Amino acid sequence: MGPRKNTKRVPNFRKLLKTSNVKLANKLKNKQYKQQSVAKKYKKEQKQLRQAARDVSARTAKPLDQPKRKRPDEEEEEVEVEVLPLDMLQDDDLEYMQSMGQRSFFLNRDLHSGEPIHVKKRKKENVIEQYEKVPRHLQTEPLKQLIHLLPIKDKRGIIPQSIERPILTEEGEEEMTEEDQQHREGKEIVAGKEPLQVLTTKELLQLRRKTLQEKKIHIATLASSILTEPDNNIKKLKELRSMLMEQDPNVAVTVRKLVMVSLSEVFKDIAPSYRIRSLTEAEKTAKVRKETLHLREFEEGLVCQYKFYLENLEQTVKDWKQMKKKKSDVVSLKAYKGLAEVAVKCLSELLVALPHFNFHNNIGVMIVPLMNDTSRKISEMCCRAVEKLFKQDKIGQPSLAVVKIISGLVKSRNYEVKPEVLKTLLALRIKEVEVKKDSEEIAPKKRFMTCKEKRKNLSRMQRKWKKAEEKLEKELLETEASESKNKKLKLHTETLNIVFLTYFRILKKAQKSLVLPAVLEGLAKFAHLINVEFFDDLLVVLYSLIDSGSLNYRECFHCIQAAFHVLSGQGDVLNIDPMKFYTHLYKILFALHAGDTNEDVLIMLQCIDVMLTKRRKQVSLQRATAYVKRLTILALNVLPNSTIGILATNRVLMNSFPKTDILLDNESHGSGLYLPELDEPEYCNAQNTALWELHYLQRHFHPVVRRFAAHLSVGAPSEGSGALRAELSRKHATELFEEFSMKEMTFNPPITSSMSYKKKPATQSAFLDSDLQRQINHLLEIPSITADLKFAEDFQAK
């Protein structure tokens, strides 16, 4: 019988998976030890063959019939042998020995020859044939080792992965130069430890550009196929998302950024206009049509991939936050910030574009804390996204969720946040809220009849029709596309309650915080929506802030504006005299900056409008006259656009209070002199002065200022030669202020009359006029300050 056949089968990969981890580790170690022993044995055999080849090549071949040359001492011994007595041998033996001595025998044979002894000498053997007999070193293929990789899984099952790595022989290592050895050791791939080819910088750049172009084409192809048929190519969405973990260190950062932006655009396009809910157990087991099942699979895959994508973006931001703790071989520490900025940008766009879709609240939880980030770029990006969401939200549900997160952030940080975080609340579209009424008036609902009432009042047929009618009405309410007005009011009311809760907490606990100006500005905007119950306490707090002296004039303007918004809305029914606020505003008017900070003038004009114009029935003539006089004095000390806004406000006040035209008369009315330094508008005797400032404003270099000054000097008529043009008279003071804003103007008034001035197009500057040079000359002829004071004193004495 022959040898017994080995029937033991090698276990497949599936069977190996069922074994324990210890067995798998032992088998892997045994396999590695066996490969190492085979490699050592192969190296030893190769070394012996190389040594034998060197020994053979070092010696020269000698003919078999050529005796070895003897030394002198050996010749003497041979002579001695010849003189030995031969009488002991027979004649036949002596003849045989002599005949054999003439031939070569084994004592004279070269023992290093490769031929056997019994082989006869060839007569015609030349040098080439002898050379061919020398053994040569044969080039054999080196033994290859296997490197086991992580397995992959597809429809067929789990497939093992491995690559081959050749073993360098000792001879090959000896032939490598020192420079090649250093380059090979320094240029190894981290994953496989394989030697790289030496490339120049130019070749490396070309290789990177080529690889990046291939990745771009692949990303574009996947995105295009997904947008073409989203329901059939949902698997390609997973393939595209897997490129977020690009491992090529040369293009990893760029590819990840491109994939982030591409996925953001893809999700914005293929996301449906409704929220996808998870199926119940009954719905999963129920039999449905093929189209419905296909739609469910697409929606489930879309939500799953969208969730994983958001998790990847969140992890990218976390990696950037933990730069000192986390290190990566693919992405450097410096590249974390760039990846985080792209991730935040994608999250911001999804927050604005998909407020109705799944995980919108989760995106808000990620974006709102980044509004208070130390990085200015990321903070501004998040603040703009939240403001855009507030402005676009027509329903109120997304805004309510984000406002709750902002309120929680401010409270958790102990009110130490950036002012920009609270300024985003100014973008809320809240104009109406529910006034506190009875529950039935707040949400009137149609009351359906109970079963007892139906049996008592309706017949059987009537009950049947009534039931069908109620069912139809409920279905119509459920399928209604637009949100009802009552629901919208409820959402806005809840949102505003959270906003006011945040504001009141800061006013109570953090009055010296940096966010106080933003809080006051928010109160000024939404004060008319505050409940009447809080009016008294709020006015007391606002006045205590003003009276404390710790606020600058801009914050004081916001306090005054908030107080009068409260009183001009529901506060009309309250019997409150805000004389303290009038006095304080009159006092800080001259504190306005005369330079380029014109935004404060805009807030001041809004305060004047809500304090005097809208409450003209509660304002006395002395108070209105004092404000007109002080505003006219202020117009001489500010920039042209502010001057235009102030003069337009004076025009409105003169029309609202016609008796203020006594300021255009040089006769005094009543006793006493005008006291410009007194901060009490009721007792400064403004009726005993005149608007002599209009005389200088008519010689202003700005043409619009001249027109307004001339218009006011003749009593601000609505018709006639002194009336304004329609485009100026129909606009509000704040609109004129913004229209002639100095932000878009570049005009430097000349110092001397000899300076040249280049005229600019009329579309770039509001200073241009046909007689501009003449007005500049008038400006240069204005008398000095002492002359102005002398003129004012003479005018008052008259």
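Helices first. This predicted model has 34 helices and two strands in the chain. Keep that count in mind as we go through the rest.

Next, burial. The chain has 798 residues, and buried ones make up 34% of them.

Now contacts. Take pairs of residues at least 6 apart in sequence. Of the contacts between them, 70% join residues at least 24 apart.

Pro703, Val704, Val705 and Arg706 are buried. Then come Phe708 and Ala709, also buried. His711 and Leu712 complete the buried set in α30. Note that an arginine, Arg706, and a histidine, His711, are on that list. Just after the helix, look at glycine 715. Its phi is positive, about 100°.

Last, confidence. The average pLDDT for the chain is 75. A score of at least 70 is reached by 69% of the residues. Where does pLDDT stay under 50? Residues 74-84 are one such stretch. For that stretch, the model has two contacts beyond four places in sequence. Residues 437-444 also stay under 50. There, the model has six contacts beyond four places in sequence. Where pLDDT is low, the predicted coordinates should not be read in detail.

Conventions:
Residues numbered from 1 in each chain as written. Predicted model: local features only at pLDDT ≥ 70, side-chain atom pairs only at ≥ 80, totals over all residues. Heavy atoms only, no water. Helix = DSSP H or I, 4+ residues; strand = E, 2+ residues; numbered from the N terminus. Buried < 20%, exposed > 50% of the residue type's maximum accessible area, 1.4 Å probe, protein only. Contact = heavy atoms within 4.5 Å. pLDDT = per-residue confidence, 0-100.
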